[in-house]
Amino acid sequence: MESLVIPALILVAVAVAVVLASRALGKRKAAHDAAPQQPAPGAAELARTAAAKLSEAEHRRIYALIAQGQAMAAIKLYYEATGDGLRASRDAVGALASHPQPYRSPAAPGSTPEDDEDDEPQRFPYRYRAIASKGDVTREVSSNMLNDEIYGRIRTLARNGDAEAAAAALTRHSDISMKQAREFIELLDD
């Protein structure tokens with residue numbers, strides 16, 4: 001019987017320590033939950049704010065890097081362009097990727113997010129080639145209504161699972177059918 005006393009005391013001490021630790025964690029969590037927290041700006045608002053800090057060239061380059069899947073390079077460019085911190089730059093580029101923003105010159109502060117619909121695609125003086133492939137299947141779209149920014153938005157829509165919106169945007173900015181656009185978008189889902 002005496003040989004069981006010491007292990008029993010150790011077991012009781014461990015149980016008491018566990019109870020005290022759980023109470024301390026519960027109090028810490030309750031204090032954290034009770035503290036007033038300022039709501040973080042939404043990702044869409046963060047994207048608008050981040051885009052406003054960029055020049056047109058920086059804006060195009062960052063979206064080109066996002067479209068190419070080079071997030072680290074986009075974060076570095078945003079960091080160097082704005083002087084924001086590394087974490088703020090990471091959050092801003094993530095918001096820009098999730099909520100693509102058109103470039104707005106500082107002279108046009110009255111434009112609203114509803115104005116960025118691409119109903120009337122702009123024609124560019126060059127042809128843009130977008131190529132997607134998976135296995136043996138390769139599709140190409142060539143248009144003078146596409147650029148890095150628009151193609152980046154289309155890829156972002158496709159990666160976020162909105163294939164129909166991506167296909168519709170692709171047909172608006174090129175001369176291909178909806179069926180061809182869907183086939184092209186299917187190759188982008190990786």
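Helix H3, residues 56-67, packs against helix H6, residues 148-159, at an angle of about 35 degrees, and their axes are 8 Å apart. Axes here are lines fitted to C-alpha atoms, for helices over the stretch in contact, with angles from 0 to 180 degrees between N-to-C directions. Helices (H or I, at least four residues) and strands (E, at least two) are DSSP runs, numbered from the N terminus.

Quick caveat: this is a predicted model, where local features need pLDDT of at least 70 and side-chain atom pairs count only at 80 or more, while totals for chains, interfaces and linings use all residues. Residues are numbered from 1 along each chain as its sequence is written, and side-chain values use heavy atoms, leaving out hydrogens and water.

So who touches whom? On the H3 side there's His59, Tyr63, Ala64, Ile66 and Ala67, and they meet Asp148, Glu149, Gly152, Arg155 and Arg159 in H6 (contact means heavy atoms within 4.5 Å).

Now H7, residues 163-172: which of its residues are buried? They're Ala166, Ala167, Ala169 and Leu170; buried means under 20% relative accessible area, exposed over 50%, partly exposed in between, with a 1.4 Å probe and protein chains only. Looking down the axis of H7, these buried residues fall within an arc of 160 degrees, so they line one face of the helix. That arc is taken over the directions from the helix axis to the C-beta atoms. The buried residues of H7 pack against strand S2 (137-143), helix H8 (178-186) and our friend H6.
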